[in-house]
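This report goes through selected side-chain features of one protein model. The sequence and structure come first.

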Amino acid sequence: MSMIELLTWLDSIGFEVFRFHVSLLWQSSIVMLTAFVVLFFLRQRRAFVRHLILVFAVFAVPVIPFLALIISSLGTPQIHIHALPRYSEKQVKSYSQVNQPEKLNPIDTSTNSTLSNNTDNVVFEPPDTHKNSNEIIPRQIIPKNTLENKKVISFTSYPYAIAVIFYCIGVSIFLVIMIFGRLRIKWWLMKSSVVINNRVVGIFRISSNLIGLKRDFVIVENTFIDTPMTIGSIHPVIVMPTGFANNLSDHDLKAVALHELSHVKRYDPFTLTLVSIIRAFLFFNLFLWIASRMISLLAEQSCDDAV
């Protein structure tokens with residue numbers, strides 16, 4: 001596959017990807033704006049309710065294309081909005097069209113008879129003149145089909161190919177950031193020690209019974225963090241700074257336990273991971289960035305309400 005064929009294929013694929021994301025952008029923007037309006041009117045309600053509404057809106061964004069297909073298959077009346085013109089393949093100029101070489105009659109009479117029968121298939125380059133001589137020497141004879149096969153590649157003629165390349169780069173950057181974050185957390189866990197203090201373990205067990213938590217969890221501590229945190233989408237782990245519980249009373253430690261265990265019960269690490277993945281693939285949508293930040297804040301407020 002030549003470079004021009006590759007760019008043409010990538011440009012056609014990029015057009016479909018670009019059209020899909022433009023459609024998804026305005027549809028998801030309507031969904032997110034509707035969610036923000038609902039949150040404004042429910043600003044006095046509990047953080048749990050607002051968090052649930054916002055999470056539902058974000059999770060609905062990747063489902064929009066499938067809902068559109070289902071609605072279309074049911075024959076529901078629709079209004080078609082043409083956001084982009086129809087795609088048409090680019091016309092690539094050949095090298096011979098841009099720099100048409102000059103045809104010259106051969107100088108050498110000995111070769112004239114040989115070339116006269118095949119002049120339609122050859123092109124003579126411009127002659128070269130020596131500085132110190134008036135003698136004109138013909139240059140190499142180049143087959144005409146060789147020149148016509150040379151193409152002028154202009155990357156500006158393939159905007160959708162460039163767009164899809166930059167989109168893939170953007171998605172890769174955010175996914176790599178997520179992966180490095182998970183690897184850092186895994187490294188923290190490898191350097192952590194399991195808490196076996198009976199006082200700490202007992203208070204966490206009592207707190208888990210108070211909120212009706214049925215999931216298993218592990219309590220560890222290390223020196224890499226300053227405040228307690230809950231990690232692990234499938235196997236929840238509560239991480240505390242080393243010696244953090246020693247400076248707290250039983251009442252304060254119970255408040256910390258209730259807060260962190262509420263994250264476990266609500267599956268907040270799993271929810272935030274899915275939100276981050278959706279945001280990585282739709283990183284160009286500003287509303288998703290705002291929503292992801294609000295979801296994180298509302299999750300903390302919801303856990304504070306449980307204390």
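Which residues do ring pairs link into a cluster? The members are Tyr167, Phe174, Phe283, Phe284 and Trp289.

## Basis

This is a predicted model, in which local features need pLDDT of at least 70, side-chain atom pairs count only at pLDDT 80 or more, and totals for chains, interfaces and linings use all residues. Residues are numbered from 1 along each chain as its sequence is written, and side-chain values use heavy atoms, with hydrogens and water left out.

## Aromatic pairs

The structure holds 11 aromatic pairs. In one of them, phenylalanine 15 and tyrosine 160 have ring centres 5.0 Å apart and planes at 80°, so this pair is edge-to-face. Phenylalanine 15 belongs to helix H1 and tyrosine 160 to helix H7 (residues 159-190), so the pair links parts of the chain 145 residues apart. Rings of Phe, Tyr and Trp (its six-membered ring) pair if their centres lie within 6.5 Å; planes under 30 degrees apart count as stacked, over 60 as edge-to-face and the rest as tilted. Helices (H or I, at least four residues) are DSSP runs, numbered from the N terminus.

Phenylalanine 15 is buried, at 3% relative accessible area, and tyrosine 160 is buried at 16%. Buried means under 20% relative accessible area, exposed over 50%, and partly exposed in between (1.4 Å probe, protein chains only). The rings of phenylalanine 174 and phenylalanine 283 are tilted, because their planes meet at 35° with the centres 5.5 Å apart. Phenylalanine 174 is in helix H7, while phenylalanine 283 is in the loop between helix H10 (268-281) and helix H11 (286-305), 109 residues away. Phenylalanine 174 is partly exposed at 26%, as is phenylalanine 283 at 22%.

## Histidine 21

Histidine 21 is placed in helix H1 (residues 3-41) and is buried, with a relative accessible area of 13%. Leaving out residues up to four places away in sequence, histidine 21 touches Tyr167, Phe281, Leu282 and Phe284 (contact means heavy atoms within 4.5 Å).

## Salt bridges and charges over rings

The count comes to three salt bridges, each a side-chain nitrogen of Lys or Arg within 4 Å of a carboxyl oxygen of Asp or Glu. Glutamate 16 and arginine 19 form one of them (2.6 Å, N to O); both lie in helix H1, three residues apart, about one turn of the helix. Glutamate 16 is partly exposed at 40%, and arginine 19 is partly exposed at 43%. Aspartate 250 and arginine 199 meet at 2.7 Å, N to O. Aspartate 250 lies in helix H9 (residues 250-266) and arginine 199 in helix H8 (residues 198-210), so this pair ties together parts 51 residues apart in sequence. Arginine 266 bridges to aspartate 268, with the closest N and O atoms 3.0 Å apart; aspartate 268 is buried, at 3% relative accessibility.

Charges also sit over rings. The charged end of arginine 43 is over the ring of phenylalanine 40, 4.3 Å from its centre, and arginine 205 lies over the face of phenylalanine 217, at 4.8 Å from the ring centre. The rule requires NZ of Lys or CZ of Arg within 6 Å of the ring centre and within 35 degrees of the ring normal.

Notes:
Helix = DSSP H or I, 4+ residues; strand = E, 2+ residues; numbered from the N terminus.
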